[in-house]
Amino acid sequence: MKVLVTGGAGYIGSVVAARLLEAGNEVVVLDDLSTGHADAVPAGAGFVRGRVHDAAGLLGDALRSFDAAIHLAAKSLVAESIRHPELYEENNVVGSRLLFDALASAGVRIVVFSSTAAVYGEPDVVPIPESAPCRPLNPYGASKLAIDEMLAAAAPERGFAAVSLRYFNVAGAYGPYGERHEPETHLIPLALAAAGGQGELQLFGDDYDTDDGTCVRDYVHVVDIADAHLGALERAVAGRHDVFNLGNGSGYSVREVLLRVEAVTGTTLPVRVVPRRPGDPAVLVASAALAAERLSWVPRRPDLGVIVADAWAFARRRGVGAA
Ligand SMILES: NC(=O)c1ccc[n+]([C@@H]2O[C@H](COP(=O)([O-])OP(=O)(O)OC[C@H]3O[C@@H](n4cnc5c(N)ncnc54)[C@H](O)[C@@H]3O)[C@@H](O)[C@H]2O)c1
């Protein structure tokens, strides 16, 4: 297949592009490098620098040659989205609408989209099924839900074979591809940076209604996430929009993650407990039963120790802990 990967210079997109290439696909990355890195685009992939908003103009007639698009490009910082909701509307929602228009005009009908657990907000039921109500707690989650809804409408109207993959907490690395967010807000890379001597780790709230008082999340390996996209490309159905949660179905508390980071790195982490962040649910764990059934998706790297070890190997490559 020839696949357009938007956001392929970012963390997850670079792994998606790498796994697509390994499986024998042709890949072109479209990325404006607003948060991504040109050197994260895998060798062997084409690269077009620009916004998804301008896909029609940037790719021109070449857009017709694609079989599918995987749309990962987005802004994804919750706090920034609360401060500047207009950026999330303009970048994520408007950009996706223009991209889907361009794809439809060019006859590219298979679309796989990066949605998120953040669309659910505070869940009533855990593990969370796809049928749970969507009540996003911030403009980032709301922007992703708006795009899911756009695809739900576009599938029957435009003949899209559309899939939204709702990732839970993506973590780990794949050789040279890993998390390089700036600013970093994700627990594992922040804890690894602290383990490598780059300051203390802030723990946001230890008074949640969980076993040890810290938030519980479902950490899923980035390679397992990437491989779900390959399954979705194959199994997307024309005229339909399907939604799948992607997680391991088991939760780890912040304190459990930090213990695993200490074990992998052989350090004692400097941790400071600070107040809760607004809008952080106590527990977010996926039910990924539907992805197992319909995409034959079974996470191959569910072990948190493996996830942390792979992320640590990536951090070491980038000089963390090298003092
Ligand atoms: N990391 C997670 O745990 C997680 C969880 C759920 C969902 N997601 C979603 O997965 C996707 C990838 O996340 P990530 O962690 O790899 O983020 P990232 O910031 O590393 O990657 C996003 C990429 O998109 C590019 N981009 C942003 N806006 C663009 C635009 N308008 N046009 C072209 N390129 C643009 C950026 O330059 C970057 O390379 C995002 O859509 C995010 O919302 C991530």
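Predicted model: local features only at pLDDT ≥ 70, side-chain atom pairs only at ≥ 80, totals over all residues.
Me: How is the protein chain divided?
Reply: The chain has two parts: domain 1, covering 2-171 + 220-246, and domain 2, covering 187-217 + 249-317. Their centres, taken over C-alpha atoms, are separated by 24 Å.

Me: How many residues of each domain are in contact with the other?
Reply: On the side of domain 1 there are 26 residues, in contact with 22 residues of domain 2.

Me: And which elements give two or more residues to the domain 1 side?
Reply: Strand 7, strand 10 (219-221), helix 7 and strand 11 (241-246) do. Helix 7 has the largest share, with six residues.

Me: How do the residues on that side divide by class?
Reply: The domain 1 side that touches domain 2 has 16 nonpolar, five polar and five charged residues.

Me: Turning to the largest nonpolar core, which residues touch the most other members?
Reply: Ala 191, Val 222, Leu 246 and Ala 311 do, in a core of 109 residues. Helix 7, residues 222-235, gives the most to this core, namely eight residues. Both domain 1 and domain 2 are represented, each with at least three residues in the core.

Me: What does Ala 191 touch?
Reply: Setting aside residues up to four places away in sequence, Ala 191 touches Leu 201, Val 257, Leu 258, Val 261 and Leu 269.

Me: Why is helix 6 described as largely enclosed by the rest of the structure?
Reply: Helix 6 spans residues 187-195, and eight of its nine residues are buried, so the helix is largely enclosed by the rest of the structure. The buried residues are Leu 187, Ile 188, Pro 189, Leu 190, Ala 191, Leu 192, Ala 194 and Ala 195.

Me: What covers them?
Reply: The cover includes strand 7 (169-171), strand 8 (201-204), helix 8 (254-265) and helix 10 (304-317).

Me: Which residue with a positive phi follows helix 6?
Reply: Gly 197 follows the helix, and its phi is positive, near 90 degrees.

Me: Now the ligand. How many residues surround it?
Reply: The ligand is surrounded by 28 residues, of which the closest are Gly 7, Gly 10, Tyr 11, Gly 36 and Ala 74. Two or more residues of this shell come from each of helix 1 (11-22), helix 4 (85-106), strand 5 (110-116) and strand 7.

Me: Which element gives the most?
Reply: Helix 1 does, with three residues in the shell around the ligand.

Me: What is the make-up of that shell by class?
Reply: The shell around the ligand holds ten nonpolar, 14 polar and four charged residues.

Me: Is strand 6 buried or exposed?
Reply: Strand 6, residues 161-167, is mostly covered, with seven of its seven residues buried. In a regular strand, side chains alternate between the two faces of the sheet. On one side of strand 6 are Ala 161, Val 163, Leu 165 and Tyr 167, on the other Ala 162, Ser 164 and Arg 166, and all of these are buried.

Me: How many bridges join strand 5 to strand 6?
Reply: Seven bridges join the two strands, which run parallel. Ile 110 stands opposite Ala 161 in strand 6.

Me: What is the order of the open sheet of three strands?
Reply: The order is 12-9-14, with mixed pairing. Strand 12 (252-253) and strand 14 (283-284) are at the edges with a single partner strand each, so one side of each has no neighbour in the sheet. Strand 9, residues 216-217, is joined to strand 14 by two bridges, and these two strands run parallel. Arg 217 has Leu 284 in strand 14 as its bridge partner.

Me: Back to helix 4. Where does Leu 103 lie, and is it buried or exposed?
Reply: Leu 103 lies in helix 4. Leu 103 counts as buried because 24 other C-beta atoms lie within 10 Å, the cut-off being 20 or more. Beyond its neighbours within four places in sequence, Leu 103 is in contact with Ala 69, Val 108 and Val 111.

Me: How far apart are Leu 103 and Leu 63?
Reply: They are 40 residues apart in sequence and 7.4 Å apart in space, C-alpha to C-alpha.

Me: And what does Ala 102 touch?
Reply: Ala 102, also placed in helix 4, touches Ala 55, Ala 56 and Leu 63, not counting residues up to four places away in sequence. Ala 102 is buried, with 21 other C-beta atoms within 10 Å.

Key
Residues numbered from 1 in each chain as written. Core = buried A, V, L, I, M, F, W, Y, C linked by C-beta atoms within 7 Å. Buried ≥ 20, exposed ≤ 12 C-beta atoms within 10 Å, placed from the backbone. Helix = DSSP H or I, 4+ residues; strand = E, 2+ residues; numbered from the N terminus. Domains from an automatic or database assignment. Contact = placed C-beta atoms within 7 Å. Near = placed C-beta within 6 Å. Nonpolar A, V, L, I, M, F, W, Y, C, P; charged D, E, K, R; others polar. Pairing = 2+ DSSP bridges.
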